[in-house]
Amino acid sequence: MRRLAAIGLLLLTTGCSEPPQKEINQAQGAIDAARAAGADKYAVEEYSAATSALQKSHDAVGQRDYRQALSYALDARERAQDAARQAADGKARARSAAEHIYSEISARSMQLDTRLKAAEAARVPPRELQTIRAALTETRTALQEARTAIDSGEYADVPNKLTPFREKLDKAMSEVEGIPQRPARRRK
């Protein structure tokens, strides 16, 4: 409603004999600010609508339909501002999800490491522990990459990259638990 009222008021008060360059520039600035806030990743739908409206504004200027150009420019600015707000929320949710999966996989990795050490202490032959060790090494590498991504603010892909390791760790955990434990040798 607010958007429509603002557009109507501007259409009535401005003469539409020249392109609404000021409003187009404001819309472009709002889109640039939204992109800087991460709207292209975390508020994709609203950001796309803003860029589309700005493009329609440029097209309307090309057709000398300045009233329509003004309407699209105002819409683009409003949508870009909404996208910037949504991006902040989306980024916070993505960070939370990334930190959560990172913590979960890290904890499972430590559990597996503890069980692997117990198996080694029980003198399980190293060849029986190879796949478990490989899963642990691969997981640690993925965790390092995920931490780097989180620290640099690239949260979106972290859950997708770490989720497969949940299954790998569970499988390795089952494997290490299924290895028959040999009693430790007594010292004489």
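1. In this predicted model, helix H4 (residues 44-62) and helix H5 pack at an angle of about 165°, and their axes lie 7 Å apart. Since angles over 145 degrees count as roughly antiparallel, H4 and H5 are therefore roughly antiparallel to each other. The crossing in which H4 passes H5 is left-handed.

2. On the H4 side, the residues that meet H5 are Glu46, Tyr47, Ala49, Ala50, Ala53, Leu54, Lys56, Ser57, Ala60 and Val61. On the H5 side, their partners include Tyr66, Ala69, Tyr72, Ala73, Ala76, Arg79, Ala80, Ala83 and Gln86. Taken by class, the residues of the contact of H4 with H5 comprise 14 nonpolar, three polar and five charged.

3. H4 also packs against helix H2 (residues 21-36), here at an angle of about 155° and with the axes 10 Å apart, which makes H2 roughly antiparallel to H4. The crossing of H2 and H4 is left-handed. From H2, the contact draws on Ile24, Ala27, Gln28, Ile31, Ala34 and Arg35, which meet Tyr47, Ala50, Thr51, Leu54, Ser57, His58 and Val61 in H4. This contact of H2 with H4 has eight nonpolar, four polar and one charged residues.

4. Turning to the other partner of H5, helix H5 (residues 66-121) and helix H6 (residues 130-151) pack at an angle of about 155°, with 10 Å between their axes, and that angle makes H5 roughly antiparallel to H6. H5 passes H6 in a left-handed crossing. The H5 residues that make the contact are Ala98, Glu99, Tyr102, Ile105, Ser106, Ser109, Leu112, Asp113, Leu116 and Glu120, while H6 contributes Ile132, Arg133, Leu136, Thr139, Arg140, Leu143, Ala146, Arg147 and Ile150. Between H5 and H6, the contact residues divide into 10 nonpolar, three polar and six charged.

5. The largest pocket holds about 160 Å³ of space, and its lining consists of Lys41, Ala142, Glu145, Ala146, Ala149, Glu154, Ala156, Asp157, Val158, Lys161 and Leu162. H6 and helix H7 (158-178) each supply at least two residues of this lining, and H6 gives the most to it, with four residues. By class, the lining of the largest pocket has six nonpolar, no polar and five charged residues.

6. One residue deserves a separate remark: Ala146 is listed among the H6 residues in contact with H5, and Ala146 is also one of the residues that line the largest pocket.

Conventions:
Residues are numbered from 1 along each chain as its sequence is written. This is a predicted model: local features need pLDDT of at least 70, side-chain atom pairs count only at pLDDT 80 or more; totals for chains, interfaces and linings use all residues. Side-chain values use heavy atoms; hydrogens and water are left out. Axes are lines fitted to C-alpha atoms, for helices over the stretch in contact, and angles run from 0 to 180 degrees between N-to-C directions. Angles under 35 degrees count as roughly parallel, over 145 as roughly antiparallel, 65 to 115 as roughly perpendicular and the rest as oblique. A crossing is left-handed if the near helix is turned anticlockwise from the far one by less than a right angle, and right-handed if clockwise. Contact means heavy atoms within 4.5 Å. Ala, Val, Leu, Ile, Met, Phe, Trp, Tyr, Cys and Pro count as nonpolar, Asp, Glu, Lys and Arg as charged, and the others, Gly among them, as polar. On a 1 Å grid over the protein atoms alone, a cavity is a set of points where a 1.4 Å probe fits but cannot get out, and a pocket is an open set with protein on both sides within 12 Å along at least five of seven lines; lining residues have an atom within 4 Å of a point. Grid points are joined across faces, edges and corners, and a volume is the space filled by probe spheres set on the points.
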